[in-house]
Structures are given as structure tokens and as C-alpha cells.
Amino acid sequence: MSETVKNFLYLNRKAPYGTIYAWESLEVVLIGAAFDQDVSLAFVDDGVYQLTKGQDTSEIGMKNFSPTYAALGDYEVKKIYVEKESLDERGLSLDDLQHLVWEDEDEDYAEKDSIHLVSRSEMAALMDGADVVFSF
Amino acid sequence: MAIEVNGKTYETDEEGYLANINDWEPGVAEVMSKEDDLELTDEHWDIINFLREYYEEYQIAPAVRVLTKAVGKKMGKDKGNSKYLYGLFPYGPAKQACRYAGLPKPTGCV
Amino acid sequence: MSTLHTVNKSPFEKNSLDACLNYVTGGASVLLLEDGVYAALKGTAIEQRVTEALDSAKVYVLGPDLKARGFTDERVIEGISVVDYAGFVDLAAESDKVQAWL
């Protein structure tokens, strides 16, 4: 166990597939999850596109990594913040995104929502409150 | 590198993991375990099949901690612990079992 | 000259589409692909800009890139045609040249 638990915020601002950032971020999150830190994921701007449901890359010859977001709960990543303003600008709502949950072992594996819809000002406060921000 | 299974040759990486996950067949696990002097039992196969299902669903090979927890949920706490899993796969349940299952090395393993 | 303009960047991240539309002349075609496909969706903050462009140009979106990103044809603005790779090739072949907006 680490002596000091730090609050890490992974800030995701890029759409998937067009660039490698989204996948790189996800890999770093999964690797970092092994270090018992307090991890939060933020999705703003085009980053919200990473979480859309129904992604099917069979015709573009790239790996579909959207199913991997559903494994985040297994990796103890329970705080996923999505900015409302970013969704609005893109004509999206939470219904367009995957329903991500984590299972509470102490409550007989009860599923709890991981995604929290936040406003831009709340997102700013989350960034302010983080010890470290990793940008992708 | 490569591995020979039932007369077919499959490409592997420098650590012995299958280069192409779609090449996998049960014989891959048989050949790999024989090279490690390990005899596969039903208990081994439960874990190998579990890993393949996990990959199918999430597109990643789980880290050992995640595997342990997930096995515990699916097969009970008596199997979802390090002692049991290391007993089956002495080289490390995630690393060794993933290799037998044809998956890439778990993300975050060194 | 008939030109096929291609835009492969998100309209929310780069001004490639906006710049392209400033230069598009009558009879031209615009194909949205890769992250450019997000411009083809209904209900976005830039929908009006795209709809207005339909008055002077034909606009297409690449279906496989739309599908990869989780969107069905029903989410696409009326008047924009969804094409597959063969349709992309036809558009390029029919045009005198292809101009990419990166």
C-alpha cells in the first residue's frame, strides 16, 4: 500500500479512433489502477464521444475498445464524470452513452452507477481539487 | 517465434504469447503447458475459459487482482484467491493462464 | 471544375469544416469522414452551419466511420447522404479532383 493516496484525474478531451489518445488514456488508467490511488475520469469536449454506445468498428479495421470501459468497475474506477455542456453541444444525452457500473462487494455485488453528469463549473471544481491531472 | 500445434504453426511474440488471438485452439494450451511441465486439469480449464470469456466481453486481459476478484464472484471465494490461483498457475495466474488462453499479456503486467 | 472536398477532423476540435465551407463553390461535394462524421449529426451546436451548406453543395458522410463511433443513419441531418467505401470511390472518380481539409 502506498503511504499517501493521491487524487488522480484523467482528463479525456479527444474523440476515439481519429487519434490514438482515447485508447492510450484507457490503457494508462488500467495500468495506474494497480497503484491504489484515488482515480477519477473526466470526459469533456470531444472526449464524451468515447463513451457512446453501439460502437462497431468492423468496417474500419480498428480494434473496438469501447467494451473495455465496462471493465473499469473491476479495476476499482468508480468515478466517471461527464460534462453536460459538452453533451449538449453535440446533441447528445446520457442515453447515448454506455451505462457503466461498478459492483459493491460489500453489498452482495450490487451494481452502482459510475457515470455522474456534471456541469462545467462542477467540472472546474473537480480539476481544481485534483492533486494530479493527466491530459489526453 | 512460433508454436506448433496439431501440425499447424502459430506465430508468438518474444515472451511466448500468441501473436494472433484468433489462432487459438485448445491444443495451444496443451502444447504450452507441456513445455512448462504442467498437466492441465479441469480446474485449469475453468480459469482458461473464464479468461477467454472475459476477453470476449471486455477486449482486455485482466490484471491479476481483477482476475482474482472476478473468479471469486463467478466461482466462489475458495477459488477467488491468490493461493488457489497461484497453485494452479505457478508462473502467475494472469500471465501464465492468459498465455495458455491465447490472450495478450495483461495490461499493466511487467 | 467539380471538386470533392474531404473533411476528417471533428468540427468541435478544429476549424477544418468551417474553413472548407468558406471555400466551397456551387456544385462541389463535401465528404465527412473519420472524426469529421460528427458534423453530420442532428442536434449539434453546428447543425445550422452544415444545413446552410446543403444549399450550395452536396454533403456526404462515410457510413463505416459513423458506425464505428456508435451512430446510426437515423442520427444524420436530412439531406446528407450516407455512403460506403465504394460510394467514396465513385465520388472521387466522378470529381475532377479531391481536396483534403486536414
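Why does A:Y109 count as exposed? A:Y109 has 10 C-beta neighbours inside 10 Å, so it counts as exposed. This is a predicted model: local features need pLDDT of at least 70, side-chain atom pairs count only at pLDDT 80 or more, and totals for chains, interfaces and linings use all residues. Residues are numbered from 1 along each chain as its sequence is written, while chains are lettered from A and ligands numbered from 1 in the order in which they are written.

**View 1. The loop that holds A:Y109.** A:Y109 lies between β4 (101-104) and β5 (110-113) of chain A. Strands (E, at least two residues) and helices (H or I, at least four) are DSSP runs, numbered from the N terminus. Phi of A:Y109 is positive, near 60°, and the residue is not glycine.

View 2. B:D37 sits between α1 (26-35) and α2 of chain B. B:D37 is another residue other than glycine with a positive phi, near 60°. B:D37 is exposed because 6 other C-beta atoms lie within 10 Å.

**View 3. The contact of chains A and B.** Chain A gives 14 residues and chain B gives 13. Two residues are in contact if their C-beta atoms, placed from the backbone, lie within 7 Å. On the side of chain B that touches chain A, α2 (42-58) and α3 (64-75) of chain B are the elements giving two or more residues. The largest share of that side, five residues, comes from α3(B).

**View 4. Residue classes on the chain B side.** The side of chain B that touches chain A has six nonpolar residues (Ala, Val, Leu, Ile, Met, Phe, Trp, Tyr, Cys and Pro). Four are charged (Asp, Glu, Lys and Arg). Three are polar (the others, Gly among them).

Key. Buried ≥ 20, exposed ≤ 12 C-beta atoms within 10 Å, placed from the backbone.
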